[in-house]
Amino acid sequence: MTDTNQSYGKKHPKIYRIDVAGVLDSKWSARLGGLSIKNGTGDDPNKTITVLEGPIRDQAELSGILTTLNDLRYSLLSVKIVQE
């Protein structure tokens, strides 16, 4: 039997990719957990998106990042784990 208390917090952070509609300035990187911020057009060349990517330790950190994006009034397009 695995002791979940011993293994909790010892996992490597997962790498996430978060896409939002609009342009987000790279100055927000520190406030968003140090995620890289890249602006582009995505699938539709007429719509600008921002891609945030990097390690997120746990669900609490992910929730904080998503709350900040919501507070800044960015529309969430997708959240994906790109590396476990």
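Author: Two strands count as paired if DSSP finds at least two bridges between them, and that criterion is applied here to a predicted model.

Reader: Over how many bridges do strand 1 and strand 3 pair, and in which sense?

Author: Strand 1 covers residues 14–21, and one of its contacts with strand 3 is the bridge in which A21 has I49 as its partner. The two strands run in the antiparallel sense, and the number of bridges over which they pair is eight.

Reader: Why is strand 3 described as largely enclosed by the rest of the structure, and how many of its residues are buried?

Author: A residue is called buried when its relative accessible area is under 20%, and in the protein chain as a whole buried residues make up 25% of the 84 residues. Strand 3 spans residues 49–56 and is largely enclosed because, of its eight residues, the number buried is six.

Reader: Where is R73 found, what is its phi, and is it buried or exposed, with what relative accessible area?

Author: R73 lies in the loop between helix 2 (59–71) and strand 4 (76–83). Most residues other than glycine have a negative phi, yet R73, which is not a glycine, has a positive phi of about 70°. Exposed means over 50% relative accessible area, so R73 is exposed, its value being 76%.

Terms used
Residues are numbered from 1 along each chain as its sequence is written. This is a predicted model: local features need pLDDT of at least 70, side-chain atom pairs count only at pLDDT 80 or more; totals for chains, interfaces and linings use all residues. Side-chain values use heavy atoms; hydrogens and water are left out. Buried means under 20% relative accessible area, exposed over 50%, partly exposed in between (1.4 Å probe, protein chains only). Helices (H or I, at least four residues) and strands (E, at least two) are DSSP runs, numbered from the N terminus.
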